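This briefing sets out selected features of a predicted model. The points are grouped by topic and may be followed alongside the sequence and the structure.

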Amino acid sequence: RCENLVEVYSQLQQQVMAVSTELGPELLARLLERFNEVLSSLVKSSFLVEKQPPQVLKTQTKFQASVRFLLGPQLLKIMPKPYMVRADMVTEKQARELELSNYSNTLSESTGDILHNTVALETNPTSGTCCANFKNVLLKKIKRCERKGSESVTEEKCAVLFSTNVTLTPSNISIHLQVLSLPIVVIVHGNQDNNAKATVLWDNAFSDIERVPFVVAERVPWDKMCETLNLKFKAEVQTSNGLLKEHYFFLAQKIFNDHSASPEDFQNRHVSWAQFNKEILPGRGFTFWQWFDGVLDLTKRCLKSYWSDRLIMGFISKQYVCKLLSMEPDGTFLLRFSDSEIGGVTIAYVIRGKDGSSQVENIQPFSAKDLSIRSLGDRIRDLGQLRNLYPNIPKDQAFGSHYNSEWGGLG
């Protein structure tokens, strides 16, 4: 524990002072200087961000954050007035310079204009914690940096730097405390949110703990990407049912634009940031992440219970749906996420002619807006041509618990 280390430091210092005459003035001065360096390093490492600011931060929007000084209760005794902690925006370049100086340099200029950015560092007598709680902070504006090549504003990472100067008792040493938040992407409009979330997700998932701010790999193994997409899906939708192997196969075909490789082939591949959220999918007007995030949003808002009951196959291509349904009885259907639209779920069903021929139809995708007007369960009940959920579950048995009590069926 930090408190015990401070006690050890104090005891060592007392022991050194007790034999100061034997050590001589030169050795004593060197030892005391070294003690102060060790204490300073220990104290600086105990200044932490307890509540991170939002990692996608919109200007003109209030946010909260807090920092905690673990050694504050032991080292900061009663003061005439509390120490103040300041919050400033820093660029990736500034964060790198601070890191290289081991946070000994002070910030020359904030890269953004933050209101209500100074808060008292206070010790709570009940909990024994020493914190500065920023409850009403607002980023008024941001100064953009020069970007590299094709980099967009939503790929630009910055951070909040929390800093204060404290004087420790009883040693009377003055120490400058600084700590950086996690990387932040600043947006000025809601339509930038999707791309900003992609930058944050990639950084959180694939950056090393010990790194130069805010360097992250440009390419990552496909299996790591699968793990990330699965964790993101379960966290956003709030479900314990994650993605399956067949889902990963479909997603690999989509992101790599390769329909000839086997699932095993994809396991040895790496996926790039450009494939994730810069390159437009073939024949579409959006990136892989924009499409996947649309699925997340739709499932979270309208399809959570259906997904959790495994009623939605979801991640499956139109071609594979045809292969599955073409041999099934008339009216067999399944649900998949739309390939052509962001945030749509469609119903594919088979029509079997009198001559035994089959034709697979895809109903126009339903959006979150559509499903807020009438639920998916009730729409399935309405459609008389739908009989059995693939492979062979009567639709009332599969979806009955999702029907509303009122009857508004069309057939």
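**Helix α6 and its crossing with helix α11**

- The buried residues of α6 are N194, A196, A198, T199, V200, L201, W202, D203 and F206.
- Helix α6 meets helix α11, the two axes coming within 10 Å and crossing at roughly 100°.
- The two helices, α6 and α11, are therefore roughly perpendicular to each other, since angles of 65 to 115 degrees fall in that class.
- On the α6 side the contact is made by N194, N195, K197, A198 and L201, and on the α11 side by W289, Q290 and D293.

**Residue Q290**

- Q290 is placed in helix α11.
- Its relative accessibility is 18%, so Q290 counts as buried, the cut-off being under 20%.
- The side chains of Q290 and N195 are joined by a polar contact of 2.9 Å.
- When residues up to four places away in sequence are not counted, Q290 touches N194, N195, N277 and I342.

- An open sheet is formed by five strands in the order β16-β15-β14-β17-β18, with mixed pairing.
- Strands β16 (358–362) and β18 (393–394) stand at the edges; each has a single partner strand, so one side of each is left without a neighbour in the sheet.
- Strand β15 (residues 345–352) runs antiparallel to β16, and five bridges join the two.
- Within this pairing, I351 is the residue opposite Q359 in β16.
- Helix α11 (residues 288–308) packs on this sheet, where it touches β14 (332–337) and β15; the direction of α11 makes about 135° with that of β14.
- Helix α12 (residues 318–325) also packs on the sheet, touching β14, β15 and β16, and its direction makes about 165° with that of β14.

**Residue M313**

- The loop between α11 and α12 contains M313.
- M313 has 27% relative accessibility and therefore counts as partly exposed.
- Apart from neighbours within four places in sequence, M313 is in contact with H247, W307, L324, L334, L335 and Y390.
- M313 and E246 are 67 residues apart along the chain, and their C-alpha atoms are separated by 9.6 Å.

**Pairings of strand β8**

- Strand β3 (residues 62–69) and strand β8 (residues 129–142) run antiparallel and are joined by six bridges.
- Strand β5 (residues 112–115) pairs with β8 in the antiparallel sense, over four bridges.
- L115 has L138 as its bridge partner in β8.
- Strand β7 (residues 122–124) is likewise antiparallel to β8, with three bridges between them.
- Opposite N124 stands T129 in β8.
- The hairpin of β7 and β8 has four residues between the strands, and G128 takes a positive phi near 75° in this hairpin.

**The four-stranded sheet**

- Four strands make up an open sheet in the order β6-β4-β9-β10, with antiparallel pairing.
- Its edge strands are β6 (118–120) and β10 (174–180), each of which pairs on one side only.
- From one strand to the next, the twist averages 25°.
- Strand β4 (residues 84–91) is paired with strand β9 (residues 158–167) in the antiparallel sense over six bridges.
- In this pairing D88 is opposite L161 in β9.
- Helix α5 (residues 92–100) packs on the sheet and touches β4, β9 and β10; the direction of α5 makes about 120° with that of β4.

Technical notes. Residues numbered from 1 in each chain as written. Predicted model: local features only at pLDDT ≥ 70, side-chain atom pairs only at ≥ 80, totals over all residues. Heavy atoms only, no water. Buried < 20%, exposed > 50% of the residue type's maximum accessible area, 1.4 Å probe, protein only. Pairing = 2+ DSSP bridges. Contact = heavy atoms within 4.5 Å. Axes fitted to C-alpha atoms, helices over the stretch in contact; angles between N-to-C directions. Polar contact = N/O pair within 3.5 Å; in protein donor to acceptor, adjacent residues only side chain to side chain. Parallel < 35°, antiparallel > 145°, perpendicular 65-115°, else oblique.
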